[in-house]
Amino acid sequence: MTGSTRNDSRFISPPIDLPLEFVFDFHYKENPNHSAFTYPTKDDKRLRTCTYKEFIPAVHRAGQAISNSIGLQRSKSTAVFPVVVVILKTDTVTYMTVLAGLLRAGYTAFPISPRFSPIVVAHLLKESRPVAIVVDTTTKDLANQALTGSTDGYKPLLCELPPFSVLYSKDDTYISLPRHDRKPEDISIITHSSSSSAIFPKVISWSSSAVTHHGEIKGMVALQHAVSGANEEPDMPVHQLAGQILGCFALELFHSFGMAMFFMTIRRGCVMGVMDPAEPTSILPADMNDVFQCFERTQPDFLMSNARAVELWAEDPKKVLALSNSPTKIFYGGRFLNKGVGNSLVRYGVKLCSSYGGTECGPITILPHFQGEDWEYWTVYPRPDINFISRGDGLAELIVVPTDEPNYLGATNTTWKGKPAYNPGDLFFPHPTKPHTYKMFGRSADQILLATGESINPVEIAVESELIRHSLISNAIMFGHSRFKVGVVIEPVWMQGSVQANNMSEKIFIDEIWPAIQEINLTSPSYANISRNMIIVADSKKPISISAKGLPRRPVVWLHYQDEIDALYVADLRVPR
């Protein structure tokens with residue numbers, strides 16, 4: 001590892017059709033002095049870097065060491081690409097080196113979360129049938145427990161993680177792995193879902209072409225000229241990423257989002273900001289305070305984070321000040337960020353950005369430009385494979401249908417114009433004035449995703465349908481996205497033209513309907529209960545909007561009553577507990 005500051009040398013981009021595993025060798029020849037990683041150290045004020053001249057030999061050593069342990073040597077004539085599972089609790093640099101080594105050696109890599117239970121790991125092993133599992137001293141027991149229940153005699157070899165000192169030897173010599181002939185349609189990486197909506201996570205395969213596609217990040221370029229003017233260039237074109245520091249201090253490569261960051265780094269010449277691999281604090285999962293210290297010392301151009309970390313940092317005024325004084329763009333994905341927290345951070349000057357993608361379809365937008373007060377939104381570069389389809393109620397669904405062969409999708413669940421396609425099942429809210437700009441709304445099942453992690457489907461729990469059975473209520477819409485409790489907008493029956501206007505006060509109206517709400521609360525999950533102070537009586541000037549199909553237009557109602565909803569939650573915070 002060498003001492004350096006930010007890399008600004010000329011970067012030669014690899015051919016767009018060159019498989020990722022051979023991009024490594026390309027960089028060793030064409031970009032040997034370009035930084036792959038950078039990190040702060042305790043004993044040096046400068047940032048330390050690892051160049052491709054150092055990284056690529058380590059990649060070959062990792063692939064060679066694992067091949068020797070398995071007893072297999074790949075060659076160009078080998079048509080099969082055996083699966084090797086990776087279950088590690090280690091630092092980002094080591095993990096990335098092992099993953100890259102497996103790809104370069106001609107294996108199909110399958111990183112598995114070490115936080116899964118033995119039962120879940122056993123399921124994933126049964127589905128993927130690996131020839132070997134790469135483990136370390138902290139994950140070996142997990143692998144053995146997962147294999148204990150095997151009844152068919154299947155037992156893959158356990159391979160110990162090669163020591164860091166072996167991978168990153170001071171000796172520059174290394175034995176180059178033989179080239180193999182993985183075709184674009186051949187499986188290159190297997191990944192798993194987060195298991196948030198099923199008992200077991202799904203096993204999803206990425207072909208070599210999918211890995212190339214996800215690294216090219218077609219969806220990351222913000223179409224700023226469509227927003228600000230046709231003659232303006234996007235603020236972060238793809239070709240300007242080389243040398244930009246991408247802060248991935250808590251990157252976990254068994255997540256598809258983490259792997260996409262890895263692919264992008266290799267293909268686009270980003271410099272990945274990581275934690276010092278020599279420090280015990282770099283073992284993942286990392287402490288968010290340690291991550292923040294790395295951010296402060298590195299000052300990356302982008303900081304990859306998760307919503308929970310941002311919410312934790314927002315509780316510390318000193319951290320908020322550091323974030324607001326930094327030019328770094330912070331982007332997150334995977335779950336909703338508390339809206340109040342996000343609004344507050346942006347008001348303080350924090351450049352907060354949301355991103356979106358899926359394990360089955362890859363990144364849709366991964367390094368979006370800063371949208372200011374519209375921080376929840378992201379702009380999608382127009383692509384023929386990305387189709388946002390209006391549902392007619394103010395929301396849109398996403399259909400991903402690749403136009404090139406082979407198909408890069410990891411799974412398909414629908415067709416679009418006769419072609420295999422994928423619908424992630426999410427709903428999106430188009431920006432009212434910015435074209436090609438959306439924010440995540442929720443799942444197509446109309447779930448309300450609370451800040452506590454619980455999800456509510458208003459249709460399933462029947463709160464709304466029960467409310468409108470009351471003689472004084474014509475419509476009701478629940479709300480609570482990214483909040484800690486739910487509320488409801490209730491439209492009195494006299495707001496319908498067929499019923500004579502009533503002079504009943506708002507308080508008396510709530511008194512009349514409150515017993516019915518109490519009964520509904522008894523049969524609803526506790527997190528879906530309606531409190532008396534979380535009721536909004538609809539304004540006659542803003543009646544609940546109804547679609548052509550006779551259904552309430554939920555997102556339109558939420559938008560119309562956004563001010564009242566925000567005020568309600570502010571008032572709720574002041575209620576003595």
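Modeller: Contact here means heavy atoms within 4.5 Å. Among contacts in this chain between residues at least 6 apart in sequence, 67% join residues at least 24 apart.

Colleague: What kind of model is this, and what gets counted?

Modeller: It's a predicted model: local features need pLDDT of at least 70 and side-chain atom pairs count only at pLDDT 80 or more, while totals for chains, interfaces and linings use all residues. Residues are numbered from 1 along each chain as its sequence is written, and side-chain values use heavy atoms, with hydrogens and water left out.

Colleague: How many helices and strands are there?

Modeller: The chain has 18 helices and 28 strands. Both are DSSP runs numbered from the N terminus (helices H or I, at least four residues; strands E, at least two).

Colleague: Why is H1 called oblique to H9?

Modeller: The axes of H1 (residues 20-30) and H9 (residues 256-268) cross at roughly 40 degrees and come within 10 Å. Under 35 degrees counts as roughly parallel, over 145 as roughly antiparallel, 65 to 115 as roughly perpendicular, and the rest as oblique, so H1 is oblique to H9. The crossing is left-handed (the near helix is turned anticlockwise from the far one by less than a right angle).

Colleague: Which residues make that contact of H1 with H9?

Modeller: On H1 they are Leu20, Val23, Phe24 and His27, and on H9 Phe262, Phe263, Ile266 and Arg267.

Colleague: And where does H2 come in?

Modeller: The axes of H1 and H2 (residues 52-70) come within 9 Å and cross at roughly 145 degrees. That crossing is left-handed too. Phe24, Asp25, His27 and Tyr28 of H1 meet Tyr52, Lys53, Phe55, Ile56, Pro57, Val59 and His60 of H2.

Colleague: Phe24 keeps turning up. What does phenylalanine 24 touch?

Modeller: Not counting residues up to four places away in sequence, phenylalanine 24 touches Phe55, Ile56, Val59, Ala100, Arg104, Phe262 and Ile266. Phe24 is also among the residues touching the most other members of the 81-residue largest nonpolar core, along with Phe37, Phe55, Leu246, Met261, Phe262 and Phe388. A second, separate core of 43 residues includes Phe479, Val486, Ile530 and Ile535.

Colleague: How do you know that serine 188 is buried?

Modeller: Buried means under 20% relative accessible area, exposed over 50%, and partly exposed in between (1.4 Å probe, protein chains only). Serine 188 has 1% relative accessibility, so serine 188 counts as buried. Serine 188 sits in strand S8 (residues 187-192), and its contacts beyond four places in sequence include Glu21, Tyr107, Arg182 and Trp206.

Colleague: Why is glutamate 311 called buried?

Modeller: The relative accessible area of glutamate 311 is 9%, so it's buried as well. Glutamate 311 belongs to helix H11 (residues 307-313). Leaving aside neighbours within four places, it is in contact with Arg335, Phe336, Leu337, Asn338 and Val341. The C-alpha atoms of glutamate 311 and valine 341 are separated by 6.5 Å, though the two residues are 30 apart along the chain.

Colleague: What makes glutamine 299 partly exposed?

Modeller: Glutamine 299 comes out at 29% relative accessibility, so it counts as partly exposed. It lies in the loop between H10 and strand S12 (302-305), and its phi is near 50 degrees, a positive value in a residue other than glycine.

Colleague: Why does histidine 436 count as partly exposed?

Modeller: Its relative accessibility is 34%, so histidine 436 counts as partly exposed. Histidine 436 also has a positive phi, about 60 degrees, without being a glycine.

Technical notes:
Axes are lines fitted to C-alpha atoms, for helices over the stretch in contact, and angles run from 0 to 180 degrees between N-to-C directions. A nonpolar core is a set of buried Ala, Val, Leu, Ile, Met, Phe, Trp, Tyr and Cys residues joined through side-chain atoms within 4.5 Å.
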